[in-house]
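Hi,

Here is the structure I said I'd pass along.

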Amino acid sequence: MSIQIFGLPVSRGVAIGRAVLVASGRVDVPHHFIDPARVEAEVTRLLTARDVVNDEFDLLKRDLPSDVPTELAALLDVHQMLLQDEALIGAASDWIIERHYNAEWALSAQLEVLARQFDEMEDAYLRERKADLEQVVERLLRCLGRDETAAATAASDMAQSDFGGDEPLVLVAADISPADMIHFKRSVFTGFVTDVGGKTSHTAIVARSMDIPAVVGARQASNLIRQDDCIIIDGDAGLIIVDPSPIVLEEYRFRQRQSELERSRLARLRHTPAVTLDGERIELLANIELPEDAEPALESGAAGVGLFRSEFLFMGRGDNLPDEEEQYNAYRRAVEGMKGLPVTIRTVDIGADKPLEGMTPSELRHESVLNPALGLRAIRWSLSEPSMFRRQLRALYRAAAHGPVKVLIPMLGSLQEIRQTLEQIHHVQRQLTESGKVWAPCELGAMIEVPAAAMTLPLFLRHFDFLSIGTNDLIQYTLAIDRADEAVAHLYDPWHPAVLQLLANTIAQARAAGKGVSVCGEMAGDPAFTELLLGMGLRSFSMHPTQVASVKQRVLRVDTRRMQAIVPDVLSADEPEQACQQLLSSMGASLAPKVASAA
Ligand code: PEP
Ligand code: MG
């Protein structure tokens, strides 16, 4: 029977495929198809891992000190029994044989199936055995990870990723952390669904940067969808259809083809200059997460990078944070990749929904910190870790010797933070000069993303060369709504008059001071806001490379003088809906921008 599940639309388009259920924090398990000729070898790999882990258990049991509680020995027996159970290894082998999953993927797929069965058990004791099963699988995965032949064959298997019929795979998880999204970027999945998350959570942002259909905040999705179900992800409507009827399937396949056509049509704008009808030249920049994203940024026709979220180099690495050399090489790669175009690199924005240790945002929210979005985040974190901050600054100024770099500081809120930041920068510049290292000066920018900054702009304009407005956080902090929390997602509204007034005022003051100002939050890449932002005087937008063409299309049709005249009416609205309607009626449009909105 077909069922529909609703969530938040975060990344446009339609994905149709087989569901792969992945436990939170397990996206980094290698997922790839194996060459059909290697099925037998892969099963042997799995069985060998089982035998190795079994020997480990034997050894553990043999070496148990005599004074340990007897329960521990009994627990090891339970683990060994689970390891030998055909429902685990036998069924995982079937995934390898029938669907050509690699051993790690087969194991985690089977773990998901069994975990559900445990969850449904009435007996509390048996239900708790799920944790034991997870530990056994963890051991097996570790053992498989030590297998060096696997890494060698994985690369050639990746090329086979469309094997197994022409069915694409879509990922379903309770939660995917932004750190996991980096693994996801390199995986075979063509779309994803999560139970939690908001429209501007970083998981959603990375999905948009990849331009793959995604729905977050779908509550019960990972309970309702079963491994291998056929599902449709409608990233425009925030809808998931499980086991669709043939007619619905055909309708969505048609829509998929239509949106591919639309994309190739838009791609033709790549070399067209972004100039409005009244001759205003508009700067369209790219947001990136990793140095290799420079390539799609360049291909999109972006005029540079307006936001490199450097924290993605730091996430999911435990204590092994990148040192100065590794960072320098990464920034340099991004700079060289942009071939002389400017690259704005933001210092780390760790914290909130981007924790360091690979914890999921929900774990962080509920267990370790009460209000991470209001806690030790971004520049606050950097200032509390001065040696780490200086390492990053040194790497940035050294990379600037290879091309135009601008340094951007996130989440500043007070003069004290500005002073401390400038002190660190001057210290690092002196250090670099004294040590004879090659470096170059950079323009320095401040992100305006907390109301305190937006309301004390003269301070910022005095100390910085340019401003970049982070609307994702500016909205979150102005409206007191956690951007990653699906429970309050309906209240997160860029059209709120308070947000629009802060935006318009920041743009106007920066322009009056003769300083550069851009928007790098999700509003910049949403064509529903292009005209309004142009009317407010914005001339620089930074967005995912995949959004550049759609925004450019809007830019080409705008007369900024006309839009400027409309802005006061929009700003005088009392409520979001009214602001939106005011813009529409003034523009003479009939479609609600909220509906047309891609994000
Ligand atoms: C923002 O807050 O708008 C922004 C661009 O930064 P991030 O989304 O990384 O917090
Ligand atoms: Mg931000």
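The side chains of arginine 99 and aspartate 228 make a polar contact at 3.4 Å. Bear in mind as you read that this is a predicted model. Arginine 99 belongs to helix 3, and at 18% relative accessibility it counts as buried, because the cut-off for buried is under 20%. Apart from neighbours within four places in sequence, arginine 99 is in contact with Arg18, Phe33, Asp94, Glu167, Leu169 and Asp228.

Phe33 in that list leads on to the aromatics. How many aromatic pairs does the count come to? The count comes to 9 aromatic pairs. In one of them, phenylalanine 33 and tryptophan 105 form a tilted pair, with 5.2 Å centre to centre and 55 degrees between the planes. This pair links distant parts of the chain, 72 residues apart: phenylalanine 33 is in the loop between strand 3 (14-21) and helix 1 (39-62), and tryptophan 105 is in helix 4 (residues 103-119). Phenylalanine 33 and tryptophan 105 are both buried.

Another pair is phenylalanine 308 with tyrosine 331, this one edge-to-face, at 6.0 Å centre to centre and 80 degrees between the planes. Phenylalanine 308 sits in strand 10 (residues 305-309) and tyrosine 331 in helix 12 (residues 324-337), so the pair ties together parts 23 residues apart in sequence. Buried or exposed? Phenylalanine 308 and tyrosine 331 are buried.

Going back to phenylalanine 33, ring pairs link Phe33, Trp95, Tyr101, Trp105 and Phe189 into a cluster.

Rings also turn up next to charges. Arginine 398 has its charged end over the ring of tyrosine 328, 4.1 Å from the ring centre. Lysine 406, in turn, lies over the face of phenylalanine 466, 5.3 Å from the centre of that ring.

Now for helix 2 (residues 70-84). Its 15 residues should span 21 Å at 1.5 Å a residue, and the C-alpha atoms at its ends are 22 Å apart, so the two figures agree. Which residues of helix 2 are buried? Leu76, Val78, His79, Gln80, Leu82 and Leu83 are. Among the elements covering these buried residues are helix 1, helix 3 (89-99) and helix 5 (124-145).

You'll find serine 540 in strand 16 (residues 540-543). With a relative accessible area of 7%, serine 540 is buried, because that value is under 20%. What does its side chain meet in a polar contact? The partner is the side chain of glutamate 283, and the contact is 2.8 Å. Leaving out neighbours within four places in sequence, serine 540 is in contact with Glu283, Leu285, Val517, Ser518 and Val519.

Last, ligand 1. There are 17 residues around ligand 1, and those that come nearest are His202, Arg309, Arg346, Asn472 and Arg483. For arginine 483, a polar side-chain atom lies 2.7 Å from an oxygen atom of the ligand. Aspartate 473 has an N or O atom in its side chain 2.9 Å from an oxygen atom of ligand 1. Lysine 354 places a polar side-chain atom 3.3 Å from an oxygen atom of ligand 1.

Cheers

Note on methods: Residues numbered from 1 in each chain as written. Chains lettered and ligands numbered in written order. Predicted model: local features only at pLDDT ≥ 70, side-chain atom pairs only at ≥ 80, totals over all residues. Heavy atoms only, no water. Phe/Tyr/Trp six-rings, centres within 6.5 Å; stacked < 30°, edge-to-face > 60°. Helix = DSSP H or I, 4+ residues; strand = E, 2+ residues; numbered from the N terminus. Buried < 20%, exposed > 50% of the residue type's maximum accessible area, 1.4 Å probe, protein only. Lys NZ or Arg CZ within 6 Å of the ring centre and 35° of its normal. Expected span 1.5 Å × (residues − 1). Contact = heavy atoms within 4.5 Å. Polar contact = N/O pair within 3.5 Å; in protein donor to acceptor, adjacent residues only side chain to side chain. Near = heavy atom within 4 Å.
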